[in-house]
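Here is a short walk through one protein model. Keep the sequence and the 3D view side by side as you read.

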Amino acid sequence: MTSKTQPVDPLYNPKLRPIIDKVIEDNINLEGGLMVVLNNLQSKIGFLSAPMQEYVAERLNIPVSKVHGVVSFYSFFTTVPRGKHVIKFCIGTACYVGGINQMIDKAKQILKVEPGQTTSDGLITLEICRCVGACSQAPVVVFDEVNQGHMKPAKFGKLVENILKDEANA
Ligand code: FES
């Protein structure tokens, strides 16, 4: 069996720990500070690991279940690092009825990962999201924060292949 080096959790990374501590200390006395702390940590560190969530709970003196609850409720938060590119599938009613599942199936076929996962090369993360406010263009897929409406499986496949081609040539 080969042993893979596990990346050090940000909480134990000497470069990242001061950033985590500063975010917490800046907001420790703020009412509703939990959301601000989590938002800042997601932006600055890129994800919220389990040890980070436990540490935030301890420092803010709140139950860790409350932190887990907030992190799992909002799709903006992730517990593992996202890939270089993020593809989100809107599963709001209009997009669901409009056939978003066909795009999800196509993505799974091309990339061999499920929504919520990242390709093994760290290039693309697939995510599910709620209505992005572009229902008249359903079904909508969000490529790196840009809405692409009236999506069809063939068009979707081309967009994904373009990302892969660009990255191979980068
Ligand atoms: S349901 Fe997808 S944009 Fe509104």
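Domain bounds here come from an automatic or database domain assignment. The model itself is predicted. On that basis, the protein divides into domain 1, residues 10-73, and domain 2, residues 85-169. How far apart are the centres of domain 1 and domain 2? Taken over C-alpha atoms, the separation is 29 Å.

Turn next to the surface. Four residues form a nonpolar patch there: Met35, Phe73, Tyr74 and Phe76. Methionine 35 sits in helix H2, which spans residues 33-45.

Strands of a sheet pair through backbone hydrogen bonds, either parallel or antiparallel. This sheet is open and has four strands, in the order S2-S1-S3-S4. Its pairing is mixed. Which strands form the edges? They are strand S2 (124-129) and strand S4 (146-148), and each pairs on one side only. On average, neighbouring strands of this sheet are turned by 25° against each other, with direction ignored.

Finish with one pair in detail. Strand S3 covers residues 141-143. S3 and S4 pair in the antiparallel sense, over three bridges. Which residue in S4 stands opposite valine 141? That residue is glutamine 148.

Note on methods:
Residues are numbered from 1 along each chain as its sequence is written. This is a predicted model: local features need pLDDT of at least 70, side-chain atom pairs count only at pLDDT 80 or more; totals for chains, interfaces and linings use all residues. Side-chain values use heavy atoms; hydrogens and water are left out. Patches are made of residues with over 30% relative accessible area and no salt bridge: like charges are joined within 9 Å, nonpolar side chains (Val, Leu, Ile, Met, Phe, Trp, Tyr) within 5 Å. Accessible areas come from the Shrake-Rupley method with a 1.4 Å probe; for residues, only the protein chains shown count as cover. A salt bridge is a side-chain nitrogen of Lys or Arg within 4 Å of a carboxyl oxygen of Asp or Glu. Helices (H or I, at least four residues) and strands (E, at least two) are DSSP runs, numbered from the N terminus. Two strands pair if DSSP finds at least two bridges between them. Axes are lines fitted to C-alpha atoms, for helices over the stretch in contact, and angles run from 0 to 180 degrees between N-to-C directions.
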